[in-house]
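Dear colleague,

Please find below the structure that I am handing over to you. My findings follow directly after it.

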Amino acid sequence: MNAVIIEDEAVSARRLKKMVETLGVNIVALLHSVQESVEWFESNISPDLIFLDVQLGDGISFEIFEKVQPQSAIIFTTAYDKYALRAFKLNSVDYLLKPIKENELQEAINKYKTQKINQGFDFQTLSNYFKVEQNNYKERFLVQIGQELRSFMVDEVSFFYSEDKITYLVSGKRNYPIDFSLNDLEKSLNPNDFFRISRQVIVQHCFIESIYSYSGSRLRVKMKDNQEDWLVSRERVSDFKEWLT
């Protein structure tokens with residue numbers, strides 16, 4: 001079985017290649033952009049299978065199929081759960097949420113081998129879904145400070161945390177209560193920028209100042225403009241490291 005990986009993050013592409021080859025699949029190409037993918041498919045025979053990331057550095061990967069139509073089955077790889085579900089419903093072989101787990105990858109490949117699903121996607125419809133929904137992440141928060149209402153852009157937020165059943169937004173050296181649970185926030189924040197390191201805390205990547213090893217194979221995270229360090233839950237350490245790369 002021959003396959004192609006389309007993934008703009010080189011580290012993730014190499015990791016997936018190693019995992020897939022361990023399962024007996026031959027990777028014939030690692031492609032990192034829409035343009036590179038188009039050029040490759042124009043001059044090569046369609047592989048049996050394509051591992052397709054959704055968002056590439058130069059556009060949405062579905063733009064590839066506006067120019068070429070490889071006769072390949074698709075397994076989506078994405079950090080966007082709500083996107084992947086739509087794609088799955090439109091007859092993909094399967095979808096894998098990042099960071100990709102070995103057992104889920106094995107199941108997806110087995111599913112392809114068993115069902116021999118052919119490429120038969122309405123890529124224009126998928127592209128439209130993604131172009132609309134990729135902008136649905138929250139961009140600002142309205143906070144009440146006494147009698148004053150203040151709006152914070154999401155890129156001003158260092159992290160969110162929960163304490164005594166109240167959720168706080170932290171910007172600069174101040175925290176502000178907001179009417180969202182961390183579960184709600186986790187679904188509405190861009191996962192490229194935000195990561196939930198524990199049940200109590202969601203951090204933004206660009207505000208992480210330093211990371212230290214801590215007892216019990218955990219990590220300790222120091223955020224900019226904040227005196228208190230936060231611990232990454234033991235069960236989230238592996239995913240957190242993957243997210244950082």
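In helix H4, Leu105, Ala108, Ile109 and Tyr112 are buried, where buried means under 20% relative accessible area, exposed over 50% and partly exposed in between (1.4 Å probe, protein chains only). Seen down the helix axis, these buried residues fall within an arc of 95°, so they line one face of H4; the arc is that of the directions from the axis to the C-beta atoms. The face turned away from the buried side carries the exposed residues Glu107 and Thr114.

The model is predicted: local features need pLDDT of at least 70, side-chain atom pairs count only at pLDDT 80 or more, and totals for chains, interfaces and linings use all residues. Residues are numbered from 1 along each chain as its sequence is written, and side-chain values use heavy atoms, with hydrogens and water left out.

The structure also holds twelve aromatic pairs (rings of Phe, Tyr and Trp, the last by its six-membered ring, with centres within 6.5 Å; planes under 30 degrees apart are stacked, over 60 edge-to-face, the rest tilted). One of them is the tilted pair of Phe160 and Phe194, at 6.0 Å centre to centre and 45° between the planes. Both Phe160 and Phe194 are buried. Tyr161 and Trp230 form another tilted pair, with 5.5 Å between centres and 35° between planes. Tyr161 counts as buried at 10% relative accessibility, and Trp230 is buried at 12%. Ring pairs also link Phe141, Phe160, Phe180 and Phe194 into a cluster.

Yours sincerely

Terms used
Helix = DSSP H or I, 4+ residues; strand = E, 2+ residues; numbered from the N terminus.
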